[in-house]
Amino acid sequence: MVNQHKPSYRQGEGHVFPLGRALGDYVEAAAMEIPDRTVMIYGERHMTFSELARQVDNLALGLLDLGLVHGDRIALCLPDVPEYTFMYYAAARLGLVSSPISVRYREQEFLTILGHSEARAVAVPAGTGFDYVAMVQSLRPHLPKLEYILVLGEHTEADRTAGVVALNRLLATDWQVKYPDDYLHRVYLREHPVEADDLLEIGYTSGTTGAPKGAMMTHNHRAGAALLNCEAWGARHDDVMVVMSPLTHSIGCHHSQNAAVLFRLTAVYLGQWEPEYALREAERTGATILIGVPAMFIAMKDHPNFHRYDLSRVRGLWCAGSPVPYLVAKQFCDAFGAQFFQTYGSTECGGIHCTRPEDALEVSCGSVGPPVRGMETKVIEPQTGRIVPLGVSGELCIRGMTRTLGYYHNPEATAAAIDGAGWFHTGDLAVMDEHGYVRINGRIKDMIIRGGQNIYATEMEALVSGHPAVQQAYVVGYPDDYLGERTCAFVVPRQAGTQLTRADLVTFFADRVAKYKIPDRVETVADLPLTASGKVQKFKLREQLLEQLKAQ
């Protein structure tokens, strides 16, 4: 029984230590200690740590030749290919500040991120069916700081138009000829030392709740996010991890790419997400870990060719992005024959909570685990800011070694998110148990007050997902003159063409849950609006619902 008098506060177990290395130093150390171990697989390309270090240092000289130096901003919009990693670590080597941009983003997002971050350069792909170069060129009048467009692949303007540079040429050139005798270490890094507490990244939030903000993250922040999560879920140096989330997202970059480089395991890049290709690569590479968001595991599990692939080496399913109901998690475990790990984090703090290898499925899908080492967590009453007792819902707050410095050029947003004691207010509703394990109930905005009753969207989603005809369910609130708010469940059916009604749910939940928890309205949809990283944009579902109500 939970002791209601104990406060909802927990510190990650273990000694808190300063990480103290810039990301480029981790690459260099791995290349010296385990030069021949494979760090990356992309198709037929197998990259060792020594090869990665050579590519990174050579490309760093190429960027330096363009005049990019410590503190300059660079944006990275590339697919999930090795060149993204080369660019990411080459920028880190020089002390440049990166901003990831999803390949799904277009004019408005580019204009916001490039303008707000004051980027001097942006890396984009060619040959994808969309002309990123032409788009960025059209935005140049509004981007006075932007000097270079670095193009990966063949493009008519590359190296023929001022400011448009072929990234393939930078990668292929032996810059040691122009900068001999280890110029990078001997001269540049002595004059421009890169330290662990230097700014590494301005990471823009994914947009599930509205306008993006740029979170300032240091080398230490991102190294800690990778290493401490690997430690928590029991990563092994012989793990082979299929990276299903985009490298431009926190899961793909910090918990996959950085995990491989810093923890010294092997990452498998897919180029782009496609469920059967992910299955094929998992079999071909002997993958032991699959990492992604719930929708990706659902797509793989439900693929008609799923059982054709040998996934016997897969030992772990590392899932983040949104809570996973028990029945759905059990389907994952049964299908893959692997353990389910769930983690919780954010752009602003990296991975904060993570379930453990010893946790039963009821634990790992019912919570996001305790805080990782080096992090503190508390649950507060939002209005008063006081810590609530164990077992009581409130706002989750985070403090520790991976927390953001704040939002770039946005002191108002920083002050609203980080209080005077250094706690980051997540805006997420959570409950903590006596072991420090946290269950996420949704966003504060997702708490729906229906006729005076508090309803947590995540709880309702878990209930509705238990219906045998439901594949996915997301619940939003909408205004009502009588009850204040009512609830609507957007459901994706298991079989295309199936239409679910509220009457179906009323019958299913008869005498099983309180009647007020049964959604007032049900909308059957074929798919859901997603961010570039695969998270469901619930604010768009609510906007869609309000438009429908208005029309009616």
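**A walk through the helices and cores**

Visitor: Is Met135 buried or exposed in this model?
Guide: Happy to start there, keeping in mind that this is a predicted model. The relative accessible area of Met135 is 5%. Buried means under 20%, so Met135 counts as buried.

Visitor: Where does Met135 sit, and which residues is Met135 in contact with beyond four places in sequence?
Guide: Met135 belongs to helix H5, residues 132-139. Glu107 lies 28 residues away from Met135 in sequence, with 6.8 Å between their C-alpha atoms. Leaving aside neighbours within four places, the contacts of Met135 are Arg106, Glu107, Phe110 and Phe130.

Visitor: Are helices H2 and H7 roughly parallel or oblique?
Guide: The axes of H2 (residues 49-65) and H7 (residues 183-191) come within 11 Å and cross at roughly 50 degrees. That angle makes H2 oblique to H7.

Visitor: Which residues of H7 meet H2?
Guide: The crossing of H2 past H7 is left-handed. On the H2 side, the residues are Asp57, Ala60, Leu61 and Leu64, and they meet Tyr183, Leu184, His185 and Tyr188 in H7. By class, this contact has six nonpolar, one polar and one charged residues.

Visitor: How many residues does the largest nonpolar core have?
Guide: Leu63, Met87, Leu150, Leu290 and Phe336 have the most contacts inside this core. Among the residues that Leu290 touches are Val242, Met244, Trp318 and Phe336. A second, separate core has 27 residues, including Ala75 and Val164. For the largest nonpolar core, the number is 134 residues.

Terms used
Residues are numbered from 1 along each chain as its sequence is written. This is a predicted model: local features need pLDDT of at least 70, side-chain atom pairs count only at pLDDT 80 or more; totals for chains, interfaces and linings use all residues. Side-chain values use heavy atoms; hydrogens and water are left out. A nonpolar core is a set of buried Ala, Val, Leu, Ile, Met, Phe, Trp, Tyr and Cys residues joined through side-chain atoms within 4.5 Å. Buried means under 20% relative accessible area, exposed over 50%, partly exposed in between (1.4 Å probe, protein chains only). Contact means heavy atoms within 4.5 Å. Helices (H or I, at least four residues) and strands (E, at least two) are DSSP runs, numbered from the N terminus. Axes are lines fitted to C-alpha atoms, for helices over the stretch in contact, and angles run from 0 to 180 degrees between N-to-C directions. Angles under 35 degrees count as roughly parallel, over 145 as roughly antiparallel, 65 to 115 as roughly perpendicular and the rest as oblique. A crossing is left-handed if the near helix is turned anticlockwise from the far one by less than a right angle, and right-handed if clockwise. Ala, Val, Leu, Ile, Met, Phe, Trp, Tyr, Cys and Pro count as nonpolar, Asp, Glu, Lys and Arg as charged, and the others, Gly among them, as polar.
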